[in-house]
Amino acid sequence: MVVETLEQFLQEGRLSALMWEVCQQQAQDRSPELQETLLSKIVCLPDHVSNKLQGKNPPVFFPQNYFPLLGSAIIQVLQKISDSLRGGSDCSISFVSHVLGKVCIHGRQKEILSVLVPHLTDVTKSDCIWQRICWRLVECVPDRWMEAVVLGFVQRASGADVLSRLLGNLVVKNKKAQFVMTQKLLLLQYGYTTAVLQNVLGYLSLDSLRRALLIKVLQELLETWGSSSAVKHSPAEQQQYISKAILICLSHLKEPEIESCRQELLASMMAGVKCHLDSSLPQIRRLGMIVAESISLKINTDGPVLKFQYEEDNETRELKSLLVQTPPCSVVPSLPDDDRNERADAALPVVLESNEKPHRAAPVMPDEESDAELDSDDDLIPYDMSEDKELKTTKAPVYIRDCIEVLTGSDDVDKWDATIKALENLIQKNPAATREVSVELAKILLHLEEKTCIEGFAELRQRAQVAVLITDPIPVAQYLTSQFYSLNYSLRQRMDILDVLVLAAQEMSYPKIRGKNKHSGAQKPCIQLLPGSDSSKDWRRIVNERIKSKTRRFAKGQSEVKQGSVPNEFNSIAGHFFFPLIQNFDRPLSTFDLLGEDHFVLGRLAHTLAILMYLAVNAMAVTTMGKALLEFVWALRFHTDSYVRQGLLSCISSILLGVPTEHLLEDMTEELLETQSWLADVVEKDPDGDCRRLALQNLLLMENLKKKLETVPF
């Protein structure tokens, strides 16, 4: 009976009458205890009913139905307050603010604000009294609930101008709201959409009293962006979030403001771009380049600006589009973040076209002059030269020693090109001759520089190095690993050594695959078949496939001869690849410091060791390799660079997959227990998402090994 009465009370709209009565009593300072009790009962009514009825409550008491109903009741009360103010009567809005704040802090912003915000957006467009009511509604929310209310309005406002109408100068009047909008939303959290950032920063820019906060926010964002500690320890998602906020701030700056803080912007740009370019992660380096370009564009409107080379993708275009302000009316509340970015992208070409029109109009000539110039050429028909081919051909050397002479001393550019293109195939066809000069050839290829603009030079050189290493693995591997820690090599050459070792190990670990793809890898970068050049084989293949598909066979024998099994060539020589690389990582050289500024190469080394460990899964030395690699990981496990930590976690995966389970338990029990504790710590505390994911995968691998041992009968 009581539930039915409550249900009728709600459906007849008596909730708004109750709140209006409390608002009138508040104006006369009556019974604050009764108001607190009513506040609790109104906000928590669905919980009370559900507790009494044990989940068998009517639909009107479901939270998804009750709180929109409460939002409609608040709108009715605000309407009565508006009418009362217009009639000259006094009333209080404080109780309604308390109801709104308590509902939001209970996590029901979506249900109540989805009703309130659209209505308030509509009525505040041209009515100053409604604007004042809305401002007071938010200002009277207690500080303990202010954050939830502000976040709700920021996320559901359809644009910065709407947010300005709804909140007024709340960020100036209320310290809690100021902290939320200028600190917590921008610097302490990073899970909000680009639209939320545009709302907050656009709101700060729309009033002269708030623009000082915009400049302050930009300075704090640039300080965080330019901090080397923040770049090292913050996740990539947060750095992207801060970069977006900086670009949006820059789009709202006016020329006098830029002039007043030009030197600060320049200093922040120089410090920040250095920190980002020092990062091992390509995404972080690219973020630094984009933000530095944008700052340079703003502070050097007349002079030269910074310009970096990086790959253009959707993320890059989205970031650059944030520098261009979109009209307030173009932001629609129901659109997701991606659609807003597309609209911003669409606005960018319009601005560019308008800037380019004066330049395009200058060289246009009158029609009469252009016709007169072309009259004499109208009757000339150009020759079709599309099928013409260059007659000059240069033969590549047929002996390995001739190749060495060409690569070291020949000035014939065409012969040099032909040699580098044919070198891999020549090495594979002449293994005996290659072994005689393998180390010398490896040295030449390691130091070889491009003489001409040959297509795919880096890949051709790398494939030749791999072929030499596969042909004579032990001497060449000893040479390359010794040169990795030698003086007077660039970082690029050291990383080339690591790449060659990995590629050669992969090909020797999978000999069948290497046999199938022996020639295709060398031909890919330098030979392009003309269309129709192999037509006879094409039509024969098509006919054979058609016959094969139409033919019914009742007993089908072996149609293809299977390739015989081949032993894993890498197992016997894995130690020559692995141990020289791992033994000198902690010895700094005058030009090479893995534990210092050359941490990017350290990350590549860790990934290389992980791959070599995984490929040596059945080698005799795999247990010794696993022990050495675990010591390597343990020495570097607290490295500040996320790319290095990712490599170390990959090493753990390779150890768990490569070392036999019984050897892991017999020889590395204590180390594995310590590693498990460290992995659990990484899962909980590491700021990098990839590191957390890899650590979790390793813990699952350990758990699977444990279950596997439990099922083995003794």
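The protein chain folds into 39 helices and zero strands, in what is a predicted model. Of its 714 residues, 46% are buried. Contacts also reach well along the sequence: taking pairs of residues at least 6 apart, 73% of the contacts join residues at least 24 apart.

Salt bridges come next. Side chains of opposite charge can pair when their charged atoms come close, and the structure holds 23 such salt bridges. One of them brings together the side chains of K244 and E318, with N and O 3.0 Å apart. K244 sits in helix α16 (residues 236-252) and E318 in helix α20 (residues 314-321), so this pair ties together parts of the chain that are 74 residues apart in sequence. Neither end is out in the open: K244 and E318 are both buried.

Helix α20 takes part in another of these links, this time through E315, which pairs with R286 from helix α19 (residues 282-299). Here the closest N and O atoms of R286 and E315 are 3.8 Å apart, and the two residues are 29 places apart in the chain. R286 has a relative accessibility of 14%. That value puts R286 in the buried class, because buried means under 20%.

Further along, R463 and E424 meet in a salt bridge with an N to O distance of 3.5 Å. R463 belongs to helix α27 (residues 457-471) and E424 to helix α24 (residues 413-429), so the bridge ties together parts that are 39 residues apart in sequence. As with the K244 and E318 pair, both R463 and E424 are buried. Salt bridges also join up into a network, and this one links R461, R492, D496, D499 and R604.

Now for helix packing. Two packed helices are described by the angle between their axes and the distance between the axes. For helix α28 (residues 473-484) and helix α33 (residues 574-582), the angle is about 15° and the axes are 9 Å apart. Angles under 35 degrees count as roughly parallel, so α28 and α33 fall in that class. Their crossing is right-handed. On the α28 side, I474, A477, Q478, T481 and F484 make the contact, and they meet H576, F577, P580 and L581 of α33. Sorted by class, this contact has six nonpolar residues and three polar ones, with no charged residues.

Helices α36 (residues 642-658) and α38 (residues 669-685) pack with another geometry: their axes come within 12 Å and cross at roughly 140°. That angle makes α36 oblique to α38, and the crossing is left-handed. The contact is built from L649, I652 and L656 in α36, which meet L672, T675, W678, L679 and V682 in α38. Seven of these residues are nonpolar and one is polar, and charged residues are absent.

W634 is found in helix α35, and its relative accessibility of 27% makes it partly exposed. Setting aside neighbours within four places in sequence, W634 is in contact with E674, T675 and W678. The C-alpha atoms of W634 and E674 lie 9.4 Å apart, although 40 residues separate the two in sequence. R637 is in the loop between α35 (622-636) and α36. With neighbours within four places again left out, R637 is in contact with R645, L648 and W678. R637 and W678 are 41 residues apart along the chain, with their C-alpha atoms separated by 8.5 Å.

A last point concerns the backbone. Most residues other than glycine have a negative phi. N488 lies in the loop between α28 and α29 (491-509). With a relative accessible area of 67%, N488 is exposed.

Methods
Residues numbered from 1 in each chain as written. Predicted model: local features only at pLDDT ≥ 70, side-chain atom pairs only at ≥ 80, totals over all residues. Heavy atoms only, no water. Salt bridge = Lys/Arg side-chain N within 4 Å of Asp/Glu carboxyl O. Helix = DSSP H or I, 4+ residues; strand = E, 2+ residues; numbered from the N terminus. Buried < 20%, exposed > 50% of the residue type's maximum accessible area, 1.4 Å probe, protein only. Axes fitted to C-alpha atoms, helices over the stretch in contact; angles between N-to-C directions. Parallel < 35°, antiparallel > 145°, perpendicular 65-115°, else oblique. Left-handed = near helix turned anticlockwise from the far one by under 90°. Contact = heavy atoms within 4.5 Å. Nonpolar A, V, L, I, M, F, W, Y, C, P; charged D, E, K, R; others polar.
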